[in-house]
Amino acid sequence: MDALKNSYLDSLLYGQKQIPASPLSWLNELRAEALERANALAVPTTRDEDWRFTDLSPLYRTALRPSARAADIAASTIDPWLIPEAGSRLVFVDGVFAPGLSVLEPEDGVLVLPLASALTRHGERVQAQLGKVVPCGADPFCAVNTAWLRDGAAVLIDGNRDVARPIHLLFVSASPGAAVYPRALVVAAPGSRSTLVEDFISSHQDAGFTNGVMEVSVGENASVRHVRLQRESVNAFHIATCGVRVARNGRYSSVSISLGARISRYSLNVTQVADGTNFEIDGLALIAGRQLADTHTFLDHAHPQGRSRQLHKCIAGGAAHAVFNGKILVRPGAQRTDSAQQSRNLLLSERAHVDTKPQLEIFADDVKCAHGATVGQLDAEQVFYLRSRGLGESGARDLLTFAFAAEIVKRIALPSVVRQLEDHLVRRAQN
Amino acid sequence: MPRKTLLEARGLTARVAGVEILKGIDLSVLAGEVHAIMGPNGSGKSTFAKVLAGHPAYEVTGGDVLFEGNSLFDMTPEERARAGLFLGFQYPVEIPGVTNSSFLRLAYNTVQGARGKDELDPLEFDDYLQDKLKLLDIDPTFLDRSVNEGFSGGEKKRNEILQMAILEPTLAILDETDSGLDIDALRIVANGVSRLRSPDNALILITHYQRLLNYITPEFVHVMDQGRIIKTGSRDLALELESRGYDWVTAEYRALRAA
């Protein structure tokens, strides 16, 4: 197994040509350091506590090629995924910026551009944050992403800007068998307000590997709404990390939806860097067949008067397996923390299963923290009630499943996205 | 011309969780009739209602029930509803996340479709609903809330009758629709139900109290006890039960059986 593990990382690290050195020495150092760390780390197995429920061996057995350049895709490929409410849209195909599919709407004090351009033109602003919001630590996937960091999305918002329209970051997996490394950096200066939609889709139904990293820095009194949609092929592998740092009285809200991938793992780490922050962290995994969706969240209340609200839902049908691990840490001195976490899970078949682990660690004494978890099936009395009004049994079950999911979906303040997801739910339910 | 028989129960027995609750029910209901079923708690009234509607927890062990000549037990709960059977629940179920308006429209369109009639789009359905809302004095904001979620007892019962008004059943079984209603709500609900009556449909009212029968006059009053109908009388029987209780009926039945 160890041999397999190492050869797997080797294949990810050395399967592609060295990327050319950047004129920015700090960037070369960042990548070199990540490469070194990736070499030193082993890929996780179910023996690692953090990966107990998520067996990656199907990923390790899959031969993957690095994607050197973007596949050509027709503009119509992305039509079903477009968000009319959005202003700027950055599209990446197999990790490479696709200018022809992107829309860059100029807006005063708001930079939405490929990371490669941001490095050239705003190097210092990028340097201050890139790789610093999420230090990869012992995470080999994050390290591999950083070692291969070439391009990505950069969103740099000046202070007190109210970005009227959502920014859509669309990552398209277009080549079967390709390993791609999406990267995004969002820096929201103090007092700004913005909405981001981070969106992963596939233009094919085969296996591929998306290994993403996103970093979000929320300034004082700033507000960032982050909608994350993972709707890749059901044969894909998707492992991603998002790190968020929130300054004084900053607000970060996240709705993450996981629908695709054979195996997916999303790690969201939100850290309070000063007093009075507000986190709203919601999630929905809706999976069936042999899918596995793992969501790990870590809310770090490191300063006083942090508030966090979290609702995570999993709906598993077929022989699917959902995993939720929600850690909330209240550090010493983080007084008057107010935190509530709920994990609600719905199993639609006898073969589906869910592992949920709310994890509360409190080292301050003047705090209000609540958490709870439920796992259940559709309520037989509700099903009968609907049938007694003429709905067929499967229609009744679909409606109830839809209602369970809708509580999360409706928290996305974008009507077109809500509609797309509702259509998906209905279609899924009818299969 | 003789009136049509809507429901014909013969020797119906049923159990739930292995316990025999219904021990032989015979009942026929003709179009245009109102039947009241009264009786002490635990006598099997609600079980009878749930068996007719097809609740999966209730197992029919014997006898048969014909609904307009077809065996009810060959039909799924949804087929019974589409065929025109309606159960007004004693405890209407809350369904968070489903708005009342979309639920009502879905139920209406499903039943209409099954009956070969036109379905209505949301705007048309809205118009159709307005009259029904007035009939039951229901605030339209009621439609935007989740089905029965956070409704008061009276609101839930009104919502049941609203569903009845929309689905236009040939046979409605109202299981303790009057319980938990204050006197004003009772009047509104009872008047609403009365207005839905026609020579072609029929009602079975399951109730503990005769006060509902002040508004909806039954042709027949049945007393149920220990899983059987032990006495059938006219409207006056309900008044007599109200003043004298059930013990004398039970005693009379025992004496009759012993003889």
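Visitor: Which residues of α3(B) meet α5(B)?

Guide: From α3(B) they are B:N100, B:L104, B:A107, B:Y108 and B:V111, and across from them in α5(B) sit B:N159, B:Q163, B:I166 and B:L167. By class, that contact has 6 nonpolar, 3 polar and no charged residues. Keep in mind that this is a predicted model.

Visitor: And at what angle do those two helices, α3 and α5 of chain B, pack?

Guide: At about 35 degrees, with the axes 10 Å apart. The helices in question span residues 100-114 for α3 and 153-167 for α5, both in chain B. As for handedness, α3(B) passes α5(B) in a right-handed crossing.

Visitor: OK, staying in chain B. What's the strand order in the open sheet of 4 strands?

Guide: The order is β2-β1-β4-β5, and the pairing is antiparallel. On the edges you have β2 (19-30) and β5 (70-71) of chain B, each pairing on one side only.

Visitor: How many bridges between β1 and β2(B)?

Guide: There are 9, in the antiparallel sense, with β1 of chain B covering residues 5-16. To get your bearings, look at B:A9: its bridge partner in β2(B) is B:L27.

Visitor: Switching to chain A. What's the strand order in its open sheet of 10 strands?

Guide: Reading across, you get β3-β2-β6-β9-β11-β13-β15-β17-β19-β21, with mixed pairing. β3 (96-97) and β21 of chain A are at the edges with a single partner strand each, so each has one side without a neighbour in the sheet.

Visitor: Let's go strand by strand at the β21 end. What's β19(A) doing there?

Guide: β19(A) pairs with β21 (residues 368-376) of chain A in the parallel sense over 9 bridges. In that pairing A:N345 stands opposite A:V375 of β21(A). β19, residues 338-347 of chain A, is also joined by 10 bridges to β17 (residues 307-316) of chain A, and those two run parallel. A:K313 has A:R344 in β19(A) as its bridge partner.

Visitor: And how do β6 and β9 of chain A pair, parallel or antiparallel?

Guide: Parallel, over 7 bridges, with β6 at residues 167-173 and β9 at 193-202 of chain A. One handle on that pair is A:I167, which stands opposite A:L196 in β9(A).

Visitor: Which strands does α8(A) lie across?

Guide: It lies across β13 (251-258), β15 (278-287), β17 and β19 of chain A. Relative to β17(A), α8(A) runs at about 150 degrees.

Visitor: How many residues of chain A and chain B are in contact?

Guide: 15 residues of chain A are in contact with 21 residues of chain B. On the chain A side, the elements giving two or more residues are α7 (380-387) and α8 (393-409). That side divides into 7 nonpolar, 4 polar and 4 charged residues.

Visitor: Last one: how is chain A divided into domains?

Guide: Domain 1 is 2-274 and domain 2 is 380-431. Their centres, taken over C-alpha atoms, are 31 Å apart. The contact takes 9 residues from domain 1 of chain A and 8 from domain 2 of chain A. The domain 1 side of that contact divides into 8 nonpolar, no polar and 1 charged.

Key:
Residues numbered from 1 in each chain as written. Chains lettered and ligands numbered in written order. Predicted model: local features only at pLDDT ≥ 70, side-chain atom pairs only at ≥ 80, totals over all residues. Pairing = 2+ DSSP bridges. Contact = placed C-beta atoms within 7 Å. Nonpolar A, V, L, I, M, F, W, Y, C, P; charged D, E, K, R; others polar. Axes fitted to C-alpha atoms, helices over the stretch in contact; angles between N-to-C directions. Left-handed = near helix turned anticlockwise from the far one by under 90°. Domains from an automatic or database assignment.
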